[in-house]
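Visitor: I'd like a walk through this one, feature by feature. Could you show me how to read each item and then point to the case at hand?

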Amino acid sequence: MNIFCFVYVVFYIILLHIKNSSSVFDFGKQIGESYSNSDASLDSVQLLQKYNYTAETHIVITSDGYRLTVYRVPRKGPPVLLVHGIGDSSDCWLVLGPKYSLAYQLADAGYDVWLLNSRGNRYSKGHIRNLPPKLYWDFSYEEMGLQDLPATIDHILFNRGLSKLIYIGFSQGTTELFVMCSMRPEYNAKIEHAILLAPVAGLQHIQYPFIKFWSRNLNIVMSLTEKIELYEAFPSNENLNKFHNTVCRLNSLYKIICELEYYKNFGLPRLTNLVPEKLPILTAHVPSGTSAKVFFHFIQGYSTQKFQRFDYGKRKNQELYSSPIPPEYDVSRMNVPLTIFASEVDWYSTNKDVAKLLSKLKTVENYVFLNKSVGFTHLEFVYGSRVNSIINRPVLSILKKITKL
Ligand SMILES: *[C@@H]1O[C@H](CO)[C@@H](O)[C@H](O)[C@H]1NC(C)=O
Ligand SMILES: *[C@@H]1O[C@H](CO)[C@@H](O)[C@H](O)[C@H]1NC(C)=O
């Protein structure tokens with residue numbers, strides 16, 4: 001197991017460091033559409049334009065100076081803000097095209113669709129000052145919840161002259177909402193309803209098979225990355241995108257590489273659980289980059305079994321928090337009306353963690369539990385071949401009831 005893990009990590013590091021050399025990715029003749037002739041190479045705006053949806057680009061500046069790119073498909077209906085998962089981007093709501101992806105379907109139903117890109121991903125790399133990398137990348141999901149969300153929500157509400165919007169978050173997109181609503185509770189009132197897909201608040205019972213390895217070695221990994229100044233994790237990389245686009249095809253001779261990657265990281269039992277004809281396209285859009293600190297913070301959630309602020313060690317904690325141990329996020333301060341979708345076999349949004357959340361949240365209006373026999377894994381909430389029947393249609397009908405659109 002560990003040798004396998006090691007080989008895999010080395011393989012990945014090599015992949016991430018090869019720049020502009022396409023020969024490595026020459027895995028023989030591709031069957032089907034090539035990278036450059038398909039949606040695989042299109043960014044969020046290009047995808048929207050290709051499918052004839054108007055795309056607006058909004059730049060939102062947070063109070064700590066980060067420049068976020070928020071995409072919008074303008075409509076007259078109620079605004080809906082969609083927030084992606086860890087290391088992902090607005091692409092996750094678009095890559096499957098109008099037949100499967102939620103953003104188009106919301107726009108078709110008349111909702112004003114806004115797609116956030118969290119600080120540090122491929123679309124949101126700017127800052128009003130020219131910060132050195134060490135300072136720029138010094139953020140976790142806490143800053144996304146405390147800065148990115150409020151700035152974006154205020155921007156949308158100001159733009160529309162409204163006092164509330166609808167929020168849809170996937171995975172880390174729910175973590176950020178928990179952080180915001182517990183630490184800046186005045187923002188609860190700005191959300192009419194939130195739909196939480198695979199909610200994550202701390203990852204205490206995460207099923208990812210290598211979590212013990214990462215947890216045990218976290219301090220070593222943290223000081224090592226500091227030493228080699230590796231602050232960004234899983235940046236968007238065109239060569240890696242091309243590589244995924246080649247091996248993640250059902251008819252590829254090398255699809256075992258893709259299968260292993262998606263099984264090992266996400267518990268995906270078979271590639272056909274993701275929309276098969278879109279597989280080379282969606283895999284060519286992940287990852288999109290985030291800070292290494294985001295991962296460290298999530299791993300701490302497992303190590304400490306708590307959903308709490310970043311642990312800097314006793315001395316710095318005392319300085320920052322006036323306490324040697326980091327304070328917990330108090331999710332019971334959340335009073336946004338909620339719909340929760342969770343699955344029994346999800347490695348990240350686990351039964352035990354969701355049960356704990358449910359015991360603290362007082363405003364859950366709908367809870368959709370997908371049992372073991374449905375076998376719905378983490379990525380399927382946005383990329384799954386059954387996403388229309390299990391997620392999109394129920395989401396649209398819940399929103400219709402709430403907004404009467
Ligand atoms: C977009 O609109 C153009 C012009 O009306 C049309 O030719 C094209 O087929 C449309 N594309 C899609 C994906 O609907
Ligand atoms: C699991 O969910 C399916 C689909 O909703 C349902 O038909 C089935 O009865 C459930 N099984 C159990 C054991 O609850």
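**Reading the model**

Guide: Let's start with a side chain: that of Asn188 reaches the backbone oxygen of Pro185 at 2.9 Å. A polar contact here is a pair of N or O atoms within 3.5 Å; within protein, one must be able to donate a hydrogen and the other to accept it, and residues adjacent in sequence count only if both atoms are side-chain atoms. Bear in mind that this is a predicted model, where local features need pLDDT of at least 70, side-chain atom pairs count only at pLDDT 80 or more, and totals for chains, interfaces and linings use all residues. Residues are numbered from 1 along each chain as its sequence is written, chains are lettered from A and ligands numbered from 1 in the order in which they are written, and side-chain values use heavy atoms, with hydrogens and water left out.

Visitor: Which backbone oxygen lies 3.3 Å from a polar atom of the side chain of Asn188?

Guide: That of Arg333. Asn188 sits in the loop between helix H6 (172-183) and strand S7 (191-197). Helices (H or I, at least four residues) and strands (E, at least two) are DSSP runs, numbered from the N terminus.

Visitor: Is Asn188 buried or exposed?

Guide: Buried means under 20% relative accessible area, exposed over 50%, and partly exposed in between (1.4 Å probe, protein chains only). Asn188 has 4%, so it counts as buried. Contact means heavy atoms within 4.5 Å. Leaving out neighbours within four places in sequence, Asn188 is in contact with Cys181, Arg333, Met334, Asn335 and Val336.

Visitor: Let's zoom out. How many helices and strands does the protein chain have?

Guide: There are 16 helices and eleven strands. For overall shape, the radius of gyration is taken over C-alpha atoms, and the globule rule is 2.2 Å times the number of residues to the power 0.38. The chain comes out at 20 Å, close to the 22 Å that the rule gives for 405 residues, so it is as compact as a globular protein of that length. Its C-alpha trace spans about 55 × 55 × 50 Å along the principal axes. Of the 405 residues, 55% count as buried. Among contacts with a separation of 6 or more, 78% come from residues 24 or more positions apart.

Visitor: How do I read a helix such as H9?

Guide: An α-helix has 3.6 residues a turn, so residues three or four places apart point the same way. H9 is mostly covered, with eight of its ten residues buried. Those are Asn239, Leu240, Asn241, Phe243, His244, Asn245, Thr246 and Val247. At the start of H9, a side-chain oxygen of Asn237 comes to within 2.8 Å of the backbone nitrogen of Asn239.

Visitor: What does the side chain of Thr246 have 2.8 Å from one of its polar atoms?

Guide: The backbone oxygen of Lys242. Thr246 belongs to helix H9 (residues 238-247), and its relative accessible area is 8%.

Visitor: One last stop: where is Phe381?

Guide: In helix H15 (residues 380-383). Phe381 is buried, at 1%.
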